[in-house]
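User: I'm new to this one and would like a walk through how it is put together. Could you show it to me before we start?

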Amino acid sequence: SFFSSKGTLTVLGGGYQLKATFYLKNDSTLNLGIGGYSETLTMLSSRSDYGVISAQHNSTVNLYEGVTIGPSSRIGSSGGIMAENASVVNMYGGTITGCESQSVSGGVYVTNNAVFNMYGGTIKNCVDKWIGGGAVCAYTAYPVVFNMTGGTIENCSGTYYGYGGGICLYTTNDTYFQMDGGTITGCSS
């Protein structure tokens, strides 16, 4: 596991596979890839209680082309990325694939004042087996934001309660979802 508190960490990959869990907090930034970098990086989780990335307390995750997150299967969190406590996830490219959760969201879980901006990339073949969305779930008692201006969500599913195969907004507070581009296709619940 990697733990980051303040500062910036950039992981380029060089064509390798990395089995680790990244836990971010306190204004830290994680760049997975970088614009224009041609080598690939595949990330798998190394823990059973967290997915590949847990972003908390004002941290930022930037995901670029050439990066693949998954497959990953978790019980108590998202299989891919969990964003909470005023953190921000920017998906400029890359792929989140084959991620599964037994509780909240297979691909990306957004909660407690967090923001998820999907500008590009693909979330595919992700599954939630309990109450969240297969690809993306906003499940919270606090405001969250999900902006989708590009990218693709495909072949994701919510299976038990059937909430949101692609996107699930399950909240008792203000949630902002705006879709100005991109595609959602082949999802089921």
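Analyst: Keep in mind that this is a predicted model.

User: Which residue in β4 stands opposite Q17?

Analyst: Opposite Q17 you will find T42 of β4.

User: And what order do the strands of that open sheet of 7 have?

Analyst: The order is β2-β4-β7-β11-β15-β19-β23, and the pairing is parallel. At the edges lie β2 (16–19) and β23 (183–185), each of which pairs on one side only. On average, neighbouring strands of this sheet are turned by 15° against each other, with direction ignored.

User: What about the open sheet of 4 strands, which are its edge strands?

Analyst: That sheet has the order β8-β12-β16-β20, again with parallel pairing, and its edge strands are β8 (72–74) and β20 (157–158). Strand β16 (residues 127–128) runs parallel to β20 and is joined to β20 by 2 bridges, with V127 having S157 as its bridge partner there.

User: Switching topic, which residues touch the most other members in the largest nonpolar core?

Analyst: Of the 36 residues in that core, they are L32, I53, I69, I96, F116, I123 and V136. Strand β3 (residues 22–32) supplies the largest share of this core, with 4 residues. There is also a second, separate core of 5 residues, which includes V104, Y109, C137 and C168.

User: What is I96 in contact with?

Analyst: Leaving aside neighbours within four places in sequence, I96 is in contact with several residues, among them L63, I69, I81, M91, I123 and C126.

Key:
Residues are numbered from 1 along each chain as its sequence is written. This is a predicted model: local features need pLDDT of at least 70, side-chain atom pairs count only at pLDDT 80 or more; totals for chains, interfaces and linings use all residues. Side-chain values use heavy atoms; hydrogens and water are left out. Two strands pair if DSSP finds at least two bridges between them. Axes are lines fitted to C-alpha atoms, for helices over the stretch in contact, and angles run from 0 to 180 degrees between N-to-C directions. A nonpolar core is a set of buried Ala, Val, Leu, Ile, Met, Phe, Trp, Tyr and Cys residues joined through side-chain atoms within 4.5 Å. Buried means under 20% relative accessible area, exposed over 50%, partly exposed in between (1.4 Å probe, protein chains only). Contact means heavy atoms within 4.5 Å.
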